[in-house]
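Let's work through some exercises on one protein. Have a look at the sequence and the fold first, then try each task before you read its solution.

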Amino acid sequence: MRRVLAWGLVRAARRAGDAHARGCKFPPRCVAHFSQTLNPEGPVSPGWDSRTLSTSRLMLPDDANPNGNVHGGTTLKMIAQAGYVVACRHANSNAVPKDANDPTIPVIPMMAHLDEVHFEQPVHVGELVQLYATLGFTSRHTIEVDVVMEAENLVTRRRRRTNTARVTYVGATPTLGLTSQNKVRAAEVPQLVPRNEKEQALFEAGQARYEARKAELRSRRENSSSFSVPVDDGTRVSLAKLMLPGDCVSGNFVQAGVLMKLMDNAAACAAVKHCMMGCVTAKIDALNFEHSVLVGDLVHFHASPVFASNKSLEIAVSVEVERIRLTSKDQRLQISRGAFTFVALDPNTRRSMPVPPVVPQTPLQEQAWERAKARYEARKKASVPRS
């Protein structure tokens, strides 16, 4: 069965290349990617670029949420993996092993930051998802990658953009070990050299974002109480998962995509409990991953509604890691926290429905409600078209 499926993929790739040669509108990078797959000895296209990636995947029922569309967490996981490939290539571009006995130490990119993500359009089971990832900026320890996601209806051939994301990775080397605070030590990465004016502009924009993120992180550390998950009021959801080798890409480092999918799961559960109907992810605020997660760690996810407008609901999500193999005490490190926005869907018409209000009961809930309302008003103001 696997051989049949593999041969089917090969034939599809060849047809894609033939179609492009006949003038069909397939992205050239897509054809280059198929050529790379069919010719492991090296790329046949002179336009192949290690700073970019084009990859595709067919959406199957395993990828669906309870509403029948592709799970938002699956989307986040695919984005993280596409960015990882580009970041990993660049992080190890100066350390290619000469042979199997070369003791070259690999650098593994770990996600440190995800910019705000909008779910512009739903992705459906049976559609072909295409992801394009491009390297944009590097600092001493970080790599920034832009990712665009498109979905294609294979029957109508209609293609549409569904997501755009910007992901920042930090280089890490397993042999550097952990600090006294159980943090993974960062490794230096090769510096990106722009090759033309367009790449220079992207690099400078990335550098400005990098400096802004550093200032924001300093501010958040000084005011660590600016974001928190309210106490349980009956709709809070808590999940816990032991990280296993299947959750990793390389080494003992857990994929950030796995964590984001679990964050989305917890947030969706809290949204459904609050609305008492099916909900889908509409937006995710920027996420920071302050600590790494390793195989054998126990990760806790907490999600609770904090604010509701007429047709949207914001869920606060907090993630903590417990290194149960290193200590028997219940010592947890907060690794990420974020705000997930959901909309409720009518089960028959699939249209958005009014959302029940969130009524704060404690001072902590009141503070979280006010901050979420301010974010909502800022988004509304930013979305109003200028005259």
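## Getting your bearings

The protein chain has six helices and 13 strands; these are DSSP runs, H or I over at least four residues for helices and E over at least two for strands, numbered from the N terminus. You're looking at a predicted model, in which local features need pLDDT of at least 70 and side-chain atom pairs count only at pLDDT 80 or more, while totals for chains, interfaces and linings use all residues. Residues are numbered from 1 along each chain as its sequence is written, and side-chain values use heavy atoms, with hydrogens and water left out.

## Exercise 1: the chain as a whole

Work out what share of the 387 residues in the protein chain is buried.

Solution. Start with the cut-offs: buried means under 20% relative accessible area, exposed over 50%, and partly exposed in between (1.4 Å probe, protein chains only). By that rule, 45% of the 387 residues are buried.

The chain's accessible surface is about 20500 Å², and carbon and sulfur atoms supply 54% of it; areas come from the Shrake-Rupley method with a 1.4 Å probe, and for residues only the protein chains shown count as cover.

Last, look at contacts (heavy atoms within 4.5 Å). Of those with a separation of 6 or more, 71% are between residues 24 or more positions apart.

## Exercise 2: aromatic pairs

Find how many aromatic pairs the whole structure holds, then describe two of them.

Solution. Rings of Phe, Tyr and Trp (its six-membered ring) pair if their centres lie within 6.5 Å; planes under 30 degrees apart count as stacked, over 60 as edge-to-face and the rest as tilted. A search of the whole structure gives four pairs.

Take F137 and F203: the ring centres are 4.9 Å apart and the planes meet at 55°, so this pair is tilted. F137 sits in strand β4 (residues 128-138) and F203 in helix α4 (residues 197-222), so the pair ties together parts 66 residues apart in sequence. F137 and F203 are both buried. Together with Y210, they make one aromatic cluster.

Now for F307 and Y376. They form an aromatic pair, also tilted, with 5.6 Å from centre to centre and 45° between the planes. F307 belongs to strand β10 (residues 298-308) and Y376 to helix α6 (residues 363-383), so this pair links parts 69 residues apart in sequence. Both F307 and Y376 are buried.

## Exercise 3: salt bridges

Solution. The rule asks for a side-chain nitrogen of Lys or Arg within 4 Å of a carboxyl oxygen of Asp or Glu. By this rule there are 23 salt bridges.

D63 bridges to R57, with the closest N and O atoms 2.4 Å apart. D63 is buried at 5% relative accessibility, whereas R57 is partly exposed at 34%.

R323 bridges to D297, with a closest N to O distance of 2.5 Å. R323 is in the loop between β11 (313-322) and β12 (333-345) and D297 in the loop between β9 (287-288) and β10, so the bridge ties together parts 26 residues apart in sequence. R323 counts as buried at 4% relative accessibility, and D297 is buried at 3%.

Finally, there's a network of salt bridges linking D115, E144, D146, R166, R209 and R213.

## Exercise 4: two loop residues

Find where R157 and M276 lie, and say whether each is buried or exposed.

Solution. R157 is in the loop between β5 and β6, and M276 is in the loop between α5 (256-275) and β8 (279-284). R157 is exposed at 63% relative accessibility, and M276 is exposed at 74%.

Now check the backbone. Most residues other than glycine have a negative phi. For R157, though, phi is near 65°, a positive value, and for M276 phi is near 60°, also positive.
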